[in-house]
Structures are given as C-alpha cells and as structure tokens.
Amino acid sequence: MTTIDPHVGARPAAGPAVPTTPERLLELARAKEAARGGPGSAATARQHARGKLTPQERIGLLLDKDSFVEIEPLRRHRAAGFGMEDNRPHGDGVVTGWGTVDGRTVFVYAHDFRAFGGALGEAHAAKIHKVMDMALATGAPLVSLNDGAGARIQEGVSALAGYGGIFRRNTRGSGVIPQISVMLGPCAGGASYSPALTDFVFMSRQTSQMFITGPEVVQAVTGEEVDRQALGGADVHARTSGVCHAAYDDEETCLADVRYLLSLLPANNRELPPSGVTTDPVDRSNDRLLEVVPAAPGSSYDVRAVIEEIVDDGDFLEVHAEFAPNVVCALARFGGEVAGVVANQPLHLAGVLDIDASDKAARFVQFCDAFNIPLVTLVDVPGFLPGVAQEHDGIIRHGAKLLYAYCDATVPRISLVLRKAYGGAYIVMDSRSIGADIALAWPGNEIAVMGAEAAANVIFRKEIACADDPDALRERRIKEYQAALMHPYYAAERGLVDDVVDPRDTRRVIAGSLAMLRTKHGEQPSRKHGNPPH
C-alpha cells in the first residue's frame with residue numbers, strides 16, 4: 001500500500017510564464033498612453049481641421065494646470081454586432097474626472113468626437129453617471145463639454161436608457177450643485193435635453209448646434225429647407241430660443257468665461273458664494289450716475305452703465321445678454337461679495353416686461369435663490385408690453401413666473417427704483433409688497449398705477465371731452481395727478497419705500513444693505529414643492 005506524505009506538494013504543471021512586475025507596469029503605461037492618445041493622430045488631425053480641440057485640450061483650458069484626475073480611462077464597451085466587437089477604444093468616447101478651478105473642486109466630463117463621433121453607449125453613459133453621482137455626493141459643480149452625435153445606434157435601447165440616467169441626475173442635482181453645459185460640437189435629438197436641464201449653456205459659434213430634429217427630418221416633414229446653423233446654431237439659441245446663455249467665436253474664450261462663472265458661484269446650495277478681494281471702496285461716490293441716467297422718464301439709456309458704476313471695479317458677468325435684451329441679468333460683486341443683478345433696460349423696448357424678459361429674469365432669480373446669491377433689482381419699467389400676440393402667447397402666465405420667482409426667494413433682496421415703476425410691472429420687479437428686504441428709490445422716481453397722462457385720460461375722460469379747451473384741461477389734470485400721487489416721496493410716506501437716496505450714494509447704500517442682510521435666514525412653509533406657472 002502506498003502512503004502519501006501530505007507535507008510533500010505536487011509539482012506545478014508547466015504553463016505560461018507569469019509576467020514580472022516591471023513587465024506589468026510597462027503594460028499599464030502603454031494602456032494608459034493609448035487611452036490618453038485617443039483614437040490616434042489621424043483622428044486628432046481631423047478634429048483640429050474642424051476647428052475643434054480634443055477633450056484633453058479642452059479640460060486643460062477649463063481646469064487649473066495639472067489638476068485633472070481621470071477616472072475609468074481604460075473602460076471599454078461590451079457591445080457586439082455591426083462590427084462593434086472589433087472597435088473597442090479605451091475610454092469609450094468620453095473623458096471623465098475631476099480637477100480644480102482656482103483651487104476649488106470641479107467635476108467634468110468631455111465627449112470625444114474622435115471615437116464613435118462622441119455618440120453615447122452603455123459604457124459611455126455609465127462613466128457619465130458615475131462622475132455625476134460623485135459631483136452630487138461631494139457637493140461640487142459639474143461641467144459637461146458636449147461634442148457628441150447623440151445615442152449610439154449600434155447599441156439600441158441601452159443607449160437611450162443611458163440618456164435617461166443622465167436626465168434623472170441632472171434633475172436631482174438641480175438647485176443642489178451648479179451644472180454648466182458647454183456645447184462645442186453637435187447635440188441632436190434627446191441628447192439636447194440634458195443641457196436644457198442645467199443652469200447655464202455656453203456655445204461655440206463655429207462648431208456647435210442643438211436641435212431635436214435635424215435639417216433632413218425638418219425638410220422631410222415640413223418641406224422647410226434649413227441648414228444646421230440656421231436651425232440650431234449658437235446665435236439662434238442665444239438670440240431667439242433663449243436656450244443658450246452665451247455664444248463665443250472660439251473655444252478658448254468660451255472656457256475662460258466658464259472659469260469666470262465658476263469663480264462667482266458656491267460649490268453647492270449649502271455654501272455661500274466665494275468672497276473676493278477688491279480695492280474698490282464700498283463708499284465710492286457714484287457722481288457719474290447723474291450723467292448716465294436722464295431725468296426725463298421717457299429718455300433711453302444703457303442700464304449696464306449703471307451696473308458698471310456701482311459694482312466692484314466695474315466688473316460683471318452678464319448672462320443671456322442677447323436674449324430678451326429689455327432686461328439685464330448679471331453676476332457681480334459689492335464689497336467683494338457676489339450678488340445677482342436684475343435690471344430693466346430702457347435701451348430696448350423702453351425696458352418693458354414681455355414674455356421672454358419675464359422668463360429670462362425668473363430663471364435667473366430662481367438660480368440665485370437656489371445658490372444663496374443675494375438679489376439687487378434696478379427698476380425702471382413702464383409696464384408689461386401690450387399687444388394681441390403677447391396676450392395670446394400667455395403674457396399673464398409668463399409674467400406670473402417672474403412674480404412667483406421673487407415671492408418664493410428667501411435670499412437677501414434689495415430693490416431700487418431709478419426712475420419710473422408703473423402698474424403690475426412695479427409689483428413684479430421685487431417691490432416691498434412681495435417681500436423685498438430693502439426698497440429704495442432715487443429722488444426722480446415715479447411709482448404709480450400708470451403714467452400721469454394715461455391716468456388723467458381715464459379719470460377725467462368725460463370732463464376733458466366736454467371742456468371748451470380739452471388739451472389745456474388735460475394738461476392741468478395731468479399736473480394735478482402728478483402732484484397728488486406721483487411725487488417722489490409718495491411711496492416713502494406710506495412705507496412702501498425705505499428711503500429715497502442720492503444717486504451718488506447708490507453703491508454705498510447697496511453694499512451696506514447687503515452686508516447687513518448677509519446672515520438673513522428665510523423660512524419657507526412645509527411642502528414637497530411649489531407649483532409655479534409654466
């Protein structure tokens with residue numbers, strides 16, 4: 001009988017040699033180098049020939065130098081069929097990770113048009129989902145650099161489900177972390193809904209387009225002939241649709257402004273915006289305002305000159321500058337602290353509120369409130385824009401959006417009437433009655449239900465019609481109405497204005513009021529969410 005000694009091991013079977021550690025490290029270095037290089041130099045040359053940068057070049061412009069940390073650079077898709085099994089590039093057409101902007105953490109994902117045209121597949125989507133989850137979990141801003149051709153057709157419904165996951169995360173992060181979309185290439189079909197769900201959309205003029213259905217489909221269905229830029233180019237969305245907040249001639253300038261925007265925003269909704277350093281005295285006299293704003297309420301001027309005069313160093317970032325120019329929305333600093341500025345613009349449509357202006361300002365007010373950014377409202381408004389088209393297109397509903405946004409805002413709110421403030425538009429533009437913390441006015445203010453001439457025509461209509469000299473009587477009644485109800489101190493006497501201030505003291509008064517309100521804590525009633533007009 002044979003006895004087996006348990007302490008003697010069997011000889012290992014002969015097999016392939018196990019790579020040494022140096023060999024493994026060399027293999028890793030080659031894989032990562034391949035991932036960084038993307039689909040190859042020829043694809044990179046084609047990308048540059050289109051006037052576009054690579055994802056790595058774009059991230060390098062967005063983030064602080066050498067701060068980017070990539071995640072899942074070696075991930076590949078697992079799809080089969082239609083030749084997919086023979087084309088499995090590292091990264092799967094998207095670069096994801098985090099870095100810093102001015103030393104503060106920012107998460108980013110960038111489509112790589114060189115791989116599958118930047119189209120989204122299952123693995124591609126999973127990488128984006130992960131970086132979005134990380135941004136939300138850590139409370140840091142998310143920037144998407146979009147340059148993709150939509151869903152990857154070869155992967156079918158899995159690609160569509162990937163978009164659904166992105167949309168859900170966009171919505172969960174709304175009002176929690178700043179989300180910025182940068183359009184640097186095509187974005188078609190359902191893919192365009194993700195940027196629409198984010199807080200800001202930046203577009204490159206020469207290379208980016210956004211549309212639900214492309215020119216070919218539009219022509220097939222409606223017979224309309226239109227090219228990609230005319231249908232969904234940057235200028236179309238910056239001026240007409242309002243989808244885009246800013247359009248740029250080149251990627252470098254675009255990404256520089258994204259960095260500037262991030263410098264003005266808190267990392268999340270639990271933080272205050274970052275403080276800045278300024279040598280501009282908060283008590284600097286604003287003598288120039290006496291020349292900028294005409295005394296006559298019907299004369300036009302550029303309200304951006306007022307903003308420039310009262311903010312730190314004359315520096316501010318206007319958003320949606322080309323859309324609904326009759327209202328100006330901007331981020332700036334007073335005494336180093338960030339504030340959102342909403343101002344009627346007499347240079348366009350006399351500064352009236354219309355549908356687009358109401359939508360634009362409401363969205364901006366809601367964003368500022370979500371991220372603890374105080375609001376400064378400069379009022380010079382003759383009313384809402386009259387007209388059949390405005391009424392039929394829903395000016396009531398759209399105007400109510402702005403009213404709701406202000407009423408719902410709990411951040412510090414300061415309003416200043418520069419000249420005129422008439423009717424419902426006065427109420428909507430953050431009047432004391434809807435919750436402004438500090439309501440101010442310049443000495444030339446006219447706050448009333450309507451202008452004196454219109455009011456006199458209504459109140460004294462029969463008397464004027466029967467007068468021997470209607471024009472003379474009308475003029476006399478206009479002056480009487482102005483003296484009785486529209487003098488500069490009427491609202492102040494009734495507590496609807498906290499103070500009438502010298503225009504030269506505007507910066508000092510606003511900065512001091514913001515400093516006082518910095519610790520304001522606003523309470524909201526217990527509810528799941530409101531139901532604002534849409």
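Strand β13 pairs with strand β14 (residues 413-422) in the parallel sense over six bridges; strands are DSSP runs of E with at least two residues, helices are runs of H or I with at least four, and both are numbered from the N terminus. Two strands count as paired if DSSP finds at least two bridges between them. Within this pairing, Val-376 stands opposite Ile-414 in β14. The model is a predicted one, in which local features need pLDDT of at least 70 and side-chain atom pairs count only at pLDDT 80 or more, while totals for chains, interfaces and linings use all residues. Residues are numbered from 1 along each chain as its sequence is written, and side-chain values use heavy atoms, with hydrogens and water left out.

Strand β12 (residues 337-344) is also joined to β13, by four bridges, and the two run parallel. Here Ala-343 lies opposite Leu-378 in β13. Between β12 and β13 the chain passes through helix α13 (residues 355-370), and this β-α-β crossover is right-handed, meaning that, with the strands pointing away from the viewer, the path from the first strand over the helix to the second runs clockwise.

Why is strand β13 largely enclosed by the rest of the structure? Seven of the seven residues of β13 (residues 375-381) are buried, so the strand is largely enclosed; buried means under 20% relative accessible area with a 1.4 Å probe, protein chains only. Leu-375, Thr-377, Val-379 and Val-381 are buried on one side, and Val-376, Leu-378 and Asp-380 on the other.

Elsewhere, seven strands form an open sheet of mixed pairing, in the order β1-β2-β3-β4-β5-β7-β9. Its edge strands, β1 (69-71) and β9 (246-248), each pair on one side only.

The largest pocket holds about 1,600 Å³ of space. A pocket is an open set of points on a 1 Å grid over the protein atoms alone where a 1.4 Å probe fits, with protein on both sides within 12 Å along at least five of seven lines; lining residues have an atom within 4 Å of a point. The volume is the space filled by probe spheres set on the points, which are joined across faces, edges and corners. Helix α13 supplies the largest share of the lining, 10 residues. Of the 47 lining residues, Ser-174, Ala-362, Arg-363, Gln-366 and His-534 are the closest to the centre.

Definitions and conventions:
Buried means under 20% relative accessible area, exposed over 50%, partly exposed in between (1.4 Å probe, protein chains only).
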